[in-house]
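Open the model in your viewer and keep the selection panel at hand. We will go chain by chain, then look at where the chains meet, and end inside.

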Amino acid sequence: MIRFLPALLLGALASAPASAQETVDIGLIKNKDVAVVQKLLYPKDGASELGVAVGWMPFDRFTTTPMASLRYARFLSEEWGVEVDVSGGWSLKNATYKELESPAYGIQPDAYRYLTGFAADLQWSPIYAKTNWRGQRVLHHDVYALGGIAATVEQAMMPDGDIAFSPGATVGVGMRFYLKSGDAIRVQLRDDLLIQRRAKTEDVQSAFFKQNVALTVGWSFMKRKG
Amino acid sequence: MRPALLALITLTGCNRYILFNQAGYEQASFSNVADVLFIVDNSASMLEETSDLGLNFNTFIDTLTSAQGAAPVTETLTDAVGNYVVYTQERGRFLDYQLGITTTSVDFSGQTPDAVDPGEAGLLIAPPLQKGDDGLADAFRYDLLCQAGYWNAGQVPDDPAYTCDQGTPSVISKQYLDCVCGVGAWEDNPQGSGAEEPIEAALMALCRSVDDPPEACFEATSPFAGSEAQQNEGFFRAEGSVVVVIVTDEGDNSRRMPQGEQDPAEYLEAFASFPKPVKFAVIGPAMDPETKALTCPSTAIPTWSVDRLQTVASATGGFYRPIVEEAASDASCVPTRFSDHLADLGDLLANLVTAFQLQSIPDVTTIRVWVDGEEVGASLVTTDEESGTTTTGDGWTYDSAQNAIVFWGAAIPGYNADVDIFYRPLDGKPRELPF
């Protein structure tokens, strides 16, 4: 220690005093210039949500489906909420379907057209996050997962037009991006896992496992208590 | 990364659907119009077969000729009722057909594409022959023997005893050809291309027959581009079907498919771009479709070239018949009976208005039929035990001999009806699927 003492003293003399920095005059700060970052600005506890959304189900082997939905959610706490969802759509033949039914192949898949769907789910949103956008804006958003029950009404695309009521479960993930008004833009990926009965193939297989995967973007009107 | 990929695969691959074969297309109609195109191989090896076709053509015409003439009599209500009965029971009589001939030669003899001669590159030998034309069978025989067929004078039999007033002989001779074509006129017919392209010739013939040829007609390797001004006037009518009859003793070497390729998907798609269905009836090399064994080949024929012809016939609801067979007595190779083939062709045309051919053998229990959007049930077939007579009620039955759906009674579709038939095939998919 004694060996290093001269060096230490010399360093102390040369260093700038930490507390003696010059002040910078930043002018008068108004309230609107101040953005509170540390608070949860858009709480959900006790809030209700009414939302509309449009989306697409593009992952089926033979069909592609534009769709729209109407939702109502009630939040029991900041993390948990319950929701009901009613949606409607119309499945179209995709390129593979059209190629199969052309005279070159002459084949029709026994695909079913999505008409309408219902879901009731429990939402868990453990994440409330803030994203700094290009150092100029702070976006508040949450991330949630959902799980529940679902059912669809679908119709055979072959001329028999068989109607199938298909119950099952639903899982999904999504994000709400909150706007200054308190409403939100909601992006969601949801997968309905269904059991579908098809009349024309009852002799070989009557029930099929079907997945309807929907990617939706919507507007949520949020009503908060207080 | 792995969980995300697994999730994506799960999303896209899970939905499974049973596939149904479909016979009948949106554009198809039960129409009484049929345009029949004969594609005849005019190479040197076809002497016997060309002779047989010409000698037996009457069989084909007889199957389609109405006993009352070219058109039904409808002057009174009794006539109309009578015609309706005949219509439902003998619908072939009301078939409105026309006939055209070209050859399997797609190469042209001139220097430029616009120098295509009749019989080359799908250009018809002569204007189409119409049902009801005077001397229809004789006119067809003239076009076939005197303009399309190739005759090696050294191989045609000599029959000095034949005179022109003796009618159609049992064997074609030089003297018979002199009578039909003019003395020596038949000797100038050019020999066809050594590379037979019957499927390409059929496509070229249809391209020359429509006012607005589809894009498939203008393929770079095809002689149609540059010669499209040369038309087959009046051959392709608005309604009904086209039936292409290919007669050849060799396989198909059509240029749009590489050598060795047996799947004519490109051509099937090209034919599908025309506004009415095209069926193929092929009388070609004898080859077992399962074992690919050739019987009595005239030359070394690659099996893939025969496969193409068998595939277009089955894929379009037509038929395939062998042009030669082994004689039962001594296993020598002899031409098959053209009278039988032409009778089958006549039945095919007559059944265009009665029966709908299926591409594959169906599971009969899965067959569903719609006519103009209304489902039609299967017929109730009852047999009177005392008399042994069978009565078939309104509806449809499956004819295993033809592999076709046959309509009965009030369920027989009217002209221009749209027919859709769905079924699950017993033997799986006949072709590779695009997924």
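Two residues are in contact if their C-beta atoms, placed from the backbone, lie within 7 Å. With that in mind, select chain B. Residues 24 or more positions apart account for 75% of its contacts with a separation of 6 or more.

A word on the source. This is a predicted model, where local features need pLDDT of at least 70, side-chain atom pairs count only at pLDDT 80 or more, and totals for chains, interfaces and linings use all residues. Residues are numbered from 1 along each chain as its sequence is written, while chains are lettered from A and ligands numbered from 1 in the order in which they are written.

**Stop 1: chain B.** Switch to cartoon view. Chain B has 10 helices and 19 strands. Helices (H or I, at least four residues) and strands (E, at least two) are DSSP runs, numbered from the N terminus. Chain B has 435 residues, and 41% of them count as buried. A residue is buried if 20 or more other C-beta atoms lie within 10 Å of its own, exposed if 12 or fewer, and partly exposed in between; these C-beta atoms too are placed from the backbone.

**Stop 2: chain A.** Select chain A. Count two helices and 10 strands. Trace them in order: α-β-β-β-β-α-β-β-β-β-β-β. Of its 226 residues, 32% count as buried.

**Stop 3: where the chains meet.** Show both chains. Here 27 residues of chain A are in contact with 28 residues of chain B. Which element gives the largest share of chain A's side? Select β10(A): it supplies five residues. Now zoom in on β5(A). This strand pairs with β1 (residues 19-23) of chain B in the antiparallel sense, over three bridges. Strands pair if DSSP finds at least two bridges between them. Pick Gln108(A): opposite it stands Phe20(B), in β1(B).

**Stop 4: the core.** A nonpolar core is a set of buried Ala, Val, Leu, Ile, Met, Phe, Trp, Tyr and Cys residues joined through C-beta atoms within 7 Å. The largest one has 106 residues. Select Val244(B) and Val245(B), which have the most contacts inside it. Next, color helix α7 (residues 198-207) of chain B: its eight residues are the largest share of this core. Return to Val244(B). Beyond its neighbours within four places in sequence, Val244(B) is in contact with Leu37(B), Ile39(B), Ala202(B), Val278(B) and Phe280(B). Last, find a second, separate core of six residues, including Met57(A), Phe59(A), Val213(A) and Ala214(A).
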